[in-house]
Amino acid sequence: MNYRDDLRGVRAAITGGTSGLGLALMDELLMRGARVAFVARDPKRVAAVAAERPGVVGLVGDIGRKDDIYPLATQITGLLGSLDVLVNNASSLGPTPLALLADTQCEEFEAALALNVLGAFRLTKALLGALAASAREHGGALVLNVSSDAAIEPYARWGAYGSSKAALRQMSRIWNAELADERIRVLALDPGDMDTPLHRLALPDADPATLRRPADAAREFADVITSTLDDLRENMSMGVR
Ligand SMILES: NC(=O)c1ccc[n+]([C@@H]2O[C@H](COP(=O)([O-])OP(=O)(O)OC[C@H]3O[C@@H](n4cnc5c(N)ncnc54)[C@H](OP(=O)(O)O)[C@@H]3O)[C@@H](O)[C@H]2O)c1
């Protein structure tokens, strides 16, 4: 099936767009006709990724830093015009090498929560007005939070990361219930184990041949984005809430 252009006119923002899943998802959304803004910390990588993709908005910022959130949100909505889809993808593993909770520093635990939970919360909150306006105008908007099986399975040495992903998953469910009347869906999706720098940092001995390609997970995520927006928009045209 050819999905080219099925997201034409959709405006999307992705945190962590210079590597792994975020980069692959950006390319998939661009191929489908979306306009995309992305955020990452390394200015050289942001400039290089944006330079290769004409029309893409590359923003430098740290989602784990409270003071970066409003300037980023303002730039995202200002440069894209508004926002239909937010993907909270940037993530911290907590301590690396991965450590037992007893050996995890409080600051390392805090850093995982600051990015994976609070960062996603703050950015969603800062962009809620734009998402609600898009939902009113076009029928629906979507926040996609990138989760993990560590949100559910109690893997040893994944304590800071797993706890933060569990909180992100539950926060997504609550946002989703609270925002249903505004036609904003909030989903938490697990991309599965992928061959990325984050995975190599966590499990350096893993055989890459056993891991998914980020592009495959990105295609599935883009399918979810497409079908969710289609459902919301179709339901609005039929008067269903
Ligand atoms: N890889 C897996 O096997 C796997 C499995 C399950 C779930 N996931 C989830 O999938 C998502 C993507 O992971 P990935 O493996 O694709 O990671 P990745 O390849 O390491 O890429 C991470 C991206 O996030 C950016 N980033 C990191 N910290 C940031 C911060 N504080 N503020 C803004 N940007 C930041 C990085 O750029 P800078 O460093 O320049 O900021 C980079 O662009 C994460 O939520 C992860 O938990 C991954």
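This is a predicted model: local features need pLDDT of at least 70, side-chain atom pairs count only at pLDDT 80 or more; totals for chains, interfaces and linings use all residues.

Q: How many residues does the largest nonpolar core have, then?
A: The largest nonpolar core has 61 residues. Those with the most contacts inside it are Ala 12, Leu 25, Val 85, Leu 86 and Leu 131.

Q: Which helix gives the most to this core?
A: Helix α4, residues 106-138. It gives nine residues to this core.

Q: Take Val 85. What does it touch?
A: Leaving out residues up to four places away in sequence, Val 85 touches Val 10, Ala 12, Ala 141, Leu 142, Leu 144 and Ile 225.

Q: And Leu 131, where is that found?
A: Leu 131 is in helix α4.

Q: Is Leu 131 buried or exposed?
A: Leu 131 is buried, because 26 other C-beta atoms lie within 10 Å and the cut-off for buried is 20 or more.

Q: Which residues does Leu 131 touch?
A: Not counting residues up to four places away in sequence, Leu 131 touches Leu 83, Leu 86, Ala 141, Val 143 and Ile 184. Take Leu 83: Leu 131 is 48 residues from it in sequence, and the two are 5.6 Å apart in space, C-alpha to C-alpha.

Q: Back to α4. Where does it bend?
A: At Leu 128, by about 50 degrees.

Q: What follows α4?
A: Gly 139 does. Its phi is positive, near 110 degrees.

Q: Let's zoom out. How many helices and strands are there in the protein?
A: Seven helices and six strands. From the N terminus on, the elements run β-α-β-α-β-α-β-α-β-α-β-α-α.

Q: What share of the residues counts as buried?
A: 43% of the 241 residues. As for contacts between residues at least 6 apart in sequence, 68% join residues at least 24 apart.

Q: New topic, the ligand. How many residues surround it?
A: 31 residues surround the ligand. The closest are Gly 16, Gly 20, Arg 41, Ser 91 and Thr 196.

Q: Which elements give two or more residues to the shell around the ligand?
A: They are α1 (20-31), β2 (35-40) and α6 (197-202).

Q: How does the shell divide into nonpolar, polar and charged?
A: Twelve of the shell residues are nonpolar, 13 are polar and six are charged.

Q: You mentioned Thr 196. How far is it from Arg 213?
A: The C-alpha atoms of Arg 213 and Thr 196 are separated by 8.3 Å, and the two are 17 residues apart along the chain. Arg 213 is in the loop between α6 and α7 (214-237).

Q: Where is the cis peptide bond?
A: It joins Thr 96 and Pro 97, with omega about -5 degrees. Pro 97 is in the loop between β4 (85-88) and α4.

Q: What about Arg 157 and its phi?
A: Arg 157 has a positive phi of about 75 degrees, although it is not a glycine. Its place is in the loop between β5 (141-146) and α5 (159-179).

Q: And Arg 183, what is phi there?
A: Near 65 degrees, a positive value in a residue other than glycine. Arg 183 is found in the loop between α5 and β6 (184-189).

Q: Which of those two is buried?
A: Arg 183 is buried, with 21 other C-beta atoms within 10 Å. Arg 157 has 19 C-beta neighbours inside 10 Å and counts as partly exposed.

Q: Last one, Arg 35. Where does it lie?
A: In strand β2. Arg 35 is buried, with 21 other C-beta atoms within 10 Å. Neighbours within four places in sequence aside, Arg 35 is in contact with Arg 11, Gly 55 and Leu 80.

How values were computed:
Residues are numbered from 1 along each chain as its sequence is written. A nonpolar core is a set of buried Ala, Val, Leu, Ile, Met, Phe, Trp, Tyr and Cys residues joined through C-beta atoms within 7 Å. A residue is buried if 20 or more other C-beta atoms lie within 10 Å of its own, exposed if 12 or fewer, and partly exposed in between; C-beta atoms are placed from the backbone. Helices (H or I, at least four residues) and strands (E, at least two) are DSSP runs, numbered from the N terminus. Two residues are in contact if their C-beta atoms, placed from the backbone, lie within 7 Å. A residue is near a molecule or strand if its C-beta atom, placed from the backbone, lies within 6 Å of it. Ala, Val, Leu, Ile, Met, Phe, Trp, Tyr, Cys and Pro count as nonpolar, Asp, Glu, Lys and Arg as charged, and the others, Gly among them, as polar. The bend at a residue is the angle between axes fitted to the seven residues ending there and the seven starting there.
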